[in-house]
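Here is a short tour for anyone meeting this structure for the first time. Have a look at it, then read on.

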Amino acid sequence: APENNMAEIGLYGGILLLADSHELFRPDLDLPLQGYKPLRGLNPDIGIRAGYYPLKFFGVEAEGGVMPSATRDGAGSALLYTARGHLVGQLGLWSVPPFVLVGAGATGASSDRAVPGNDPDPALHFGGGVKIYLNRWAMLRLDVRDVVSHKQAVDETFKSHNLEVLLGLSVTLGRKHTPPEPS
């Protein structure tokens, strides 16, 4: 089970289901639709995560990730990225603790201007999941999140919902207690 003053460092992979009317593009009034290009809906999602849990029921985490994408018509590619932090509440009583999280950060696109261009946007996220401790030093983690960002209009702030499903592998640090020896 989780302990007080633990840390976690890990990698994750998964998918990002991007909403149709995202605002991940650099607007230009001289272009049709201000330069909006629909991006692929299903995108791979990979990244790193670090967390600190001062209490076995509560922690803070930071993540950074990339989601390679392309326009729906295949005319160009874009690298989507995220940097974010969140608060985690977990039921730290067992070796398979469920958790919830809520946080904020930025999601952006990096590409040639002919595709979406370079555009970071603020994003909020919330979700939950479960951690499965394989032993005292390693765990698997499953997250399901809603990443809320801007839609493709000036007055549509924080109205675009994007689903993220992540599976991670982490190393735990800072464990103080040793398990009892079998007799």
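## Charged pairs on the inside

Arginine 141 and glutamate 61 are both buried. Keep in mind as you go that this is a predicted model. The side chains of these two residues meet in a salt bridge, with N and O 2.7 Å apart. Arginine 141 sits in strand β7 and glutamate 61 in strand β3, so this pair ties together parts that are 80 residues apart in sequence.

Now for glutamate 63. Glutamate 63 belongs to strand β3 (residues 58–70) and arginine 49 to strand β2 (residues 42–55), so the contact links parts 14 residues apart in sequence. Both glutamate 63 and arginine 49 are buried.

Glutamate 63 also forms a salt bridge with arginine 145, again with 2.7 Å between the closest N and O atoms. Here strand β3 holds glutamate 63 and strand β7 holds arginine 145, so the pair ties together parts that are 82 residues apart in sequence.

Is arginine 145 buried or exposed? Its relative accessibility is 1%, so arginine 145 counts as buried. Glutamate 63 has a relative accessible area of 5%, which is under the 20% cut-off, so glutamate 63 is buried.

| Salt bridge | N to O distance |
|---|---|
| Arginine 141 and glutamate 61 | 2.7 Å |
| Glutamate 63 and arginine 145 | 2.7 Å |

How many salt bridges does the count come to? It comes to 13. A network of salt bridges links Glu8, Arg49, Glu61, Glu63, Arg84, Lys131, Arg141, Asp143, Arg145 and Glu164.

## Strands side by side

Next, the strands. Strand β5 (residues 98–110) and strand β6 (residues 119–133) run antiparallel and are joined by 12 bridges. One place to look is proline 98, whose bridge partner in β6 is valine 130.

Strand β6 is also joined to β7, by 10 bridges, and these two run antiparallel as well. Valine 130 turns up here too: it stands opposite leucine 142 in β7. To get from β6 to β7, the chain goes through a hairpin of four residues.

## A cavity

Searching the whole structure for cavities of 30 Å³ or more turns up one. The largest cavity has a volume of about 90 Å³. Which residues line the largest cavity? They are Leu16, Leu18, Leu24, Met67, Thr82, Arg84, Thr107, Val147, Ser149, Asn162 and Glu164.

Sorted by class, this lining has five nonpolar, four polar and two charged residues. Strands β4 (77–90), β7 (138–149) and β8 each supply at least two of the lining residues. Arg84 and Glu164 belong to the lining, and both are also part of the salt-bridge network.

## One glycine to finish

Last stop: glycine 174, which you'll find in the segment after β8 (160–173). Its relative accessibility is 32%, so glycine 174 counts as partly exposed. Where does alanine 7 come in? Glycine 174 and alanine 7 are 167 residues apart in sequence, yet their C-alpha atoms are 6.1 Å apart in space.

Notes:
Residues are numbered from 1 along each chain as its sequence is written. This is a predicted model: local features need pLDDT of at least 70, side-chain atom pairs count only at pLDDT 80 or more; totals for chains, interfaces and linings use all residues. Side-chain values use heavy atoms; hydrogens and water are left out. Buried means under 20% relative accessible area, exposed over 50%, partly exposed in between (1.4 Å probe, protein chains only). On a 1 Å grid over the protein atoms alone, a cavity is a set of points where a 1.4 Å probe fits but cannot get out, and a pocket is an open set with protein on both sides within 12 Å along at least five of seven lines; lining residues have an atom within 4 Å of a point. Grid points are joined across faces, edges and corners, and a volume is the space filled by probe spheres set on the points. Ala, Val, Leu, Ile, Met, Phe, Trp, Tyr, Cys and Pro count as nonpolar, Asp, Glu, Lys and Arg as charged, and the others, Gly among them, as polar. A salt bridge is a side-chain nitrogen of Lys or Arg within 4 Å of a carboxyl oxygen of Asp or Glu. Two strands pair if DSSP finds at least two bridges between them.
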